[in-house]
Amino acid sequence: MTTSSDAPSRRELNKAATRQSIVFAAVGLARERGLGEFTVEDIADAAGVSRRTFFNYFSSAEEAIAAPTFGFLDAALEGFRGRPEGEPLLDSAIEVLLALADNEFIEPMAESFLISHGHETVTRYQLQAFDECSDKIVTAIREREGNALDAIYVHALAGCVMSCGKAALEVWLAERGGDLSPSSLERLRELLISSFAHLRTGFAVH
């Protein structure tokens, strides 16, 4: 249950809204013009903020464009922490992805992945997001399971979860190109769930 002390303050909400407006502006410019065809000043103008404000949130245009991947993975991690105790870890991961694939997180993450494909700097930020999330998954599993699981199991599981997510995105990109239609996003959802199902069955060939 959320209490008044747990609720975000007005300042926190305003900061989140400013950050989101910068991300939307960056992704929108990348969609319209292509990467490398606009500046930080262009993003700030489109978001209605100053250049200084932009740098309070992001170090570069590329980091802002990669931000939806961080957002998606952070939301997945938060969802994982909220799953019932005793639920198999991979079942928890699948349920979290099912929930996220039906809301506002998957489309901006998918578009960010499409825009950044083949662009080394943005891709580096996205890989950083996956690496950071892998570390956070290890921490979340430890919080939930204590020391009941072997360290190599926990780290290998976290790495495999992240690799399956990236594999789903790569197959989706190869199949659908730049398509962000509802049917294409549904296909991405299917691939995410399928990749985790393979992990759960030990990649058995049927």
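**Stop 1: a serine in a helix**

Select S184: this residue is buried, with a relative accessible area of 0%. Buried means under 20% relative accessible area, exposed over 50% and partly exposed in between, with a 1.4 Å probe and protein chains only. The model is predicted, so local features need pLDDT of at least 70 and side-chain atom pairs pLDDT 80 or more, while totals for chains, interfaces and linings use all residues. Residues are numbered from 1 along each chain as its sequence is written, and side-chain values use heavy atoms, without hydrogens or water.

S184 lies in helix α9, residues 182–200. Helices are DSSP runs of H or I with at least four residues, numbered from the N terminus. Now show the contacts of S184: W172, R176 and D179, leaving aside residues up to four places away in sequence. Contact means heavy atoms within 4.5 Å.

**Stop 2**

Next, centre on I137. It touches L77, A158, V161 and M162, again not counting residues up to four places away in sequence.

**Stop 3: α4 against α6**

Select I65, A66, P68, T69 and F72 in α4; they meet I106, P108, M109, S112 and I115 in α6.

Conventions: Helices (H or I, at least four residues) and strands (E, at least two) are DSSP runs, numbered from the N terminus.
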